[in-house]
Every structure is written in C-alpha cells, then in structure tokens.
Amino acid sequence: MGQAGAGKAAGFPGTGKIWMNGTLIDWKDATIHVASHVIHYGSGVFEGARCYATPKGSACLRLGPHMRRLIQSAAIYRMESPLDQQGWEHAVLETIRANGFKSCYIRPLIYRGYEALGVNPLTCPVNACILLWDWGAYLGQESLEHGVDVKVSTWARMAPNTLPAMAKATANYANAALIKMEAVVDGYAEGIALDVNGHVSEGSGQNIFLVRDGRLYTPEIASSILGGITRDSIITLARERGYTVTETTLPREALYLADEVFFVGTAAEVTPVRSIDKIAIGSGRRGPVTHALQRAFFDAINGETPDAHGWLTYVYPEEAELRAHKATASARG
C-alpha cells in the first residue's frame, strides 16, 4: 500500500497529525480522559475508509457513503454528529493533506466523552476525531492470491433487537474481537460468524460472498451483517459483468459446498478463502470469479479504469485534473 509523503514520519502508532474536534494536533497529544464514557460502555461509532495512490493522484474510495454511514450510525445511538457529510469529507481530505499521505487507511470516530459514568450517556459530550495510518493488505499480501484458511466461529453475531448490526459501533467490535481471537488462537486467519438462527452472517470485520455454478450469493442485511460499502461495490461490479448476485439467507453447509468463497471489506478488500473448517473450498485456491472481481475492484480503486460510478474523491483535485489532461493529450499524440 501507500507510503507517506516526503519528509513525513507517518505511520501507526505514534506519528503524524490527528484531527480532533476540529483541530489538527500531534498524534501524542490526541488523548481522552480515562473516565470518558466510551471507554467504559463502548459508546462510539466509527468508519473505515481508504485513500489510494492512483495515476491521477491520491483518491479516497467512496468517501461520501462512508461519511454518510458514520452520521447514520451516530443517529442510531442518539449522538448528534458535529459535522454534516460535506464537513466530514472536507475534514478527512484536510487531514490527509496535513499528513502528506499518498495512500492510507482512514478512521473517523464519534464518541461520548467525559461527564458522567452511569449507563445513561446523554449528558456526556459528543467528541470526534480522524486518524490515518499506513495499512497494507489486512490478511497479508499473499492472501490476495493464495487465499486464507478460516473457521466457523463458536461466537454468533448479535441477535436482532440486542445491538444494531447496521450501525458501525465500537461496541459491536467486542463481538468481532472474540471471533477473531478464537480463530487466531486455533490457527486460522479469520472466523466466520453465524447469526442467532445459525445462518451465515459475516467475518469478524468482513462481508462474505459464495460462488456456486457461476452465481454469487451473499447474506442479506437481516442476517445481522453490516451493510458494507465494499460489499455494495462488489455487487455493482459483478452485475455489470453479467453475474447473478442474490442476497439471501445462507445455511452453514453452503459454505462447504461453494465453488468459491471470498471476503470483502475496506481492510480486507477482496480476499479469497481457500478452506473452511479444514474443508477445501473448490480447488483450494483463488477461483476464476473471485479473480475476475478482484481484478475489477483493484482496477477501479487504483484508477486504472474510468471512474464510471464517481467512487473516487481526489485529495488534490487540481492535480488530478492536470494529470488527466496530460494523459489525454499524450494519447492523442
């Protein structure tokens, strides 16, 4: 993935600038009080987005939808966002410029701060920040080609009317951490959670797709999944290429009978699954449908193909326009 701009000691953790309540401050100074409500009760919501280095310059992938979901997650938890969607987009771009990143992972966070320590958070202030760091392939670069070994977790995703799965809330990721830790301790790269009814839900932090007889299947929103933005992008790219995509309830055994299985997400991007519970999936390697969608996705996010969907927001739009003009002039000879 990307490198920091010249002269910037960027990375994670400990360096660079963090946007905090409207001010850019040094990483070491971005602190909160130990009595902050979010520490004790998980009263926060966040987003995960990426900025990619493209031929036309640094570009954030689907920044608008990510910031809209951040605001919507906050609304579910009765937190008023300090910025509207346009304000959040501007703040993210400002933070990237301040850090000099060419590509990076983007983490905006809205959370309840320090005021009271009862369960009721309504008197606590709503604070916000934006962190950036350099983050490569989440499950390892080699996993993008060779795939990963995963297990079905003993931990289920939240039942309906317990925690809202459609909100990207910090509290939900306590469940995700249990799924991930169990998988790692047992020798797997990831875990797949089932929902309360025993149907396929999602990975610890990824949505999941199955391929069978050339058709794609993915769990529906009602299966306690987060409605992933990468998931939506893959559905769009697949349908444009003539694949049938069905959002439906999937039984556990459908995982073992699939020709191909792959994870998608901002961090995982498009990662093949080669085995589940020590059962080889298909040929036990990245399949042709996964490979085709992986290639289409990376071409889109890296600016190798025209941005037909308006998915890319350039950090330096003037530079992007100039590079595009030069490329057009060069092509014309």
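**Exercise 1. Divide the lining of the largest cavity by residue class, and describe the cavity.**

*Solution.* The lining of the largest cavity comprises five nonpolar, five polar and three charged residues. In this division Ala, Val, Leu, Ile, Met, Phe, Trp, Tyr, Cys and Pro count as nonpolar, Asp, Glu, Lys and Arg as charged, and the others, Gly among them, as polar. The model is predicted: local features need pLDDT of at least 70, side-chain atom pairs count only at pLDDT 80 or more, and totals for chains, interfaces and linings use all residues. Residues are numbered from 1 along each chain as its sequence is written, and side-chain values use heavy atoms, with hydrogens and water left out.

On a 1 Å grid over the protein atoms alone, a cavity is a set of points where a 1.4 Å probe fits but cannot get out, a pocket is an open set with protein on both sides within 12 Å along at least five of seven lines, and lining residues have an atom within 4 Å of a point. The largest cavity holds about 60 Å³ of space, where a volume is the space filled by probe spheres set on the points, joined across faces, edges and corners. Of its 13 lining residues, Leu61, His66, Thr230, Thr266 and Phe297 are the closest to the centre.

**Exercise 2. State how helix 6 and helix 8 cross, and which residues meet.**

*Solution.* Helices (H or I, at least four residues) and strands (E, at least two) are DSSP runs, numbered from the N terminus. The axes of helix 6 (residues 229-240) and helix 8 (residues 288-301) come within 10 Å and cross at roughly 110°. Helix 6 is therefore roughly perpendicular to helix 8, a term for angles of 65 to 115 degrees. Axes are lines fitted to C-alpha atoms, for helices over the stretch in contact, and angles run from 0 to 180 degrees between N-to-C directions.

From helix 6, Thr230, Ile234, Leu237 and Ala238 meet Leu293, Ala296 and Phe297 of helix 8, contact being heavy atoms within 4.5 Å. This contact has six nonpolar, one polar and no charged residues.

Notes. Parallel < 35°, antiparallel > 145°, perpendicular 65-115°, else oblique.
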